[in-house]
Each structure stands twice: as structure tokens, then as C-alpha cells.
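The sequence and structure come first.

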Amino acid sequence: MSDDEETRTCSNCQRDICLASFLMHEIHCKRHMSVCSKCGEPVPKLEREEHEDEYHAKVPCSLQCGKRMERRFLEDHEKSECPERHELCQFCNLDLAWRELGEHENYCGSRTEPCDECGKYVQKKDSLTHQCGEAAPKRHCRYCEMGFDGDEAVAMH
């Protein structure tokens, strides 16, 4: 159907139909089609039960969160809503269930690593906003006088 063709909306399926074939469409549509009360899609009357089973039957989440939903909502649920979906920790790339991710990232982001530029120990969660000042002064072991970058390195020595 081109944009300049005149159309009319079918009273049964609510679709725009070319005026030249509108009468035949509407007679056929009213006789053979019904509109699903749940999703608004036109469905052949003989296939109503199949449509109900295929699109609207409640199915359990395959990630085993315990929820049941219509099959048509399952993919979105498992991708973006399910607490059992897996995501990667932004600090260590560990694959975890979403419900565990917040607690893990709080712990993981609190770990420290030395800054590559200034040697100062910075929490992983602050590494993107860390601004290097002057290089951290070397810390020396009081027993052997060996120099280290930061108090933590001396303590581990």
C-alpha cells in the first residue's frame, strides 16, 4: 500500500485497509477473525486457543527466580528485570547473579591498588576520579631502610 492510497480502518481488526479492497476485507475479517482481549492482535477464530497457549499462558522464569509470567514477557524479564540474571562486576569482571552484585561491588570497589602514575593507593571505586598530585613520598622500612610506595606496601614487607 503506498502512502497516497486512500484507506479506511476495519472496525474489527482496527487496521488501515486500502479502500479498493476494504469491503471484501471487512466481510472476511468479521467472519474469520477476532481480536485478542489481552494483546489486541487479530487472531483467526479457529486459532484462538493456540494463540492463548502460545502467547498468554503463564510460564516460569528459566533463571529460576520463582516468577511466572506470560511467555511474551519472559525475554524482557530475563534480560533486564530478573534478580537471577547474570552481570559482570565493574571492578573485577566476575560474573554474578544481579541480586548479589551490589554487595559484591561495594566490597570489591573498596579494595585498593596503587595508582600507575603517582603510586598512591586508591580505592578501585575512586580510580576514575582520582587526581594525581605530587608523587607520594617513599616509605622506608624501619628495619632495612628499603623504600616502598605507601604504608600498605611497607606493612606487607
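In this predicted model, helix α1 spans residues 22–32 and has F22, E26 and C29 as its buried residues. Viewed down the axis of α1, these buried residues fall within an arc of 70°, so they line one face of the helix. That buried side packs against three strands: β1 (7–9), β2 (16–18) and β3 (33–35). On the face of α1 turned away from the buried side are the exposed residues L23, M24 and R31.

In soluble globular proteins, nonpolar side chains tend to be buried together. For C13, contacts beyond its neighbours within four places in sequence are made with H25, C29, V35 and P42.

H56 is located in helix α2, which covers residues 48–56, while V59 sits in strand β5, residues 58–60. H56 counts as buried because its relative accessibility is 3%, under the 20% cut-off. V59 has a relative accessibility of 12% and is therefore also counted as buried. The table gives their contacts, leaving out residues up to four places away in sequence.

| Residue | Element | Relative accessibility | Contacts |
|---|---|---|---|
| H56 | α2 (residues 48–56) | 3% | C36, K38, C39, H51, E70, R72 |
| V59 | β5 (residues 58–60) | 12% | K67, R68, M69, R71, L74 |

V59 and F73 are 14 residues apart along the chain, and 9.7 Å separates their C-alpha atoms.

**The largest pocket**

How much space lies in the largest pocket? The value is about 300 Å³. Its lining consists of 13 residues, and those nearest the pocket centre are E113, Q123, K124, S127 and L128. Strands β9 (112–114) and β10 (121–123) are the elements that give two or more residues to this lining. Sorted by class, the lining holds 5 nonpolar, 4 polar and 4 charged residues.

Definitions and conventions: Residues numbered from 1 in each chain as written. Predicted model: local features only at pLDDT ≥ 70, side-chain atom pairs only at ≥ 80, totals over all residues. Heavy atoms only, no water. 1 Å grid on protein atoms, 1.4 Å probe; cavity = no way out; pocket = protein on both sides within 12 Å on 5 of 7 lines; lining within 4 Å. Points joined across faces, edges and corners; volume = space filled by probe spheres on them. Helix = DSSP H or I, 4+ residues; strand = E, 2+ residues; numbered from the N terminus. Nonpolar A, V, L, I, M, F, W, Y, C, P; charged D, E, K, R; others polar. Contact = heavy atoms within 4.5 Å. Buried < 20%, exposed > 50% of the residue type's maximum accessible area, 1.4 Å probe, protein only. Arc of directions from axis to C-beta.
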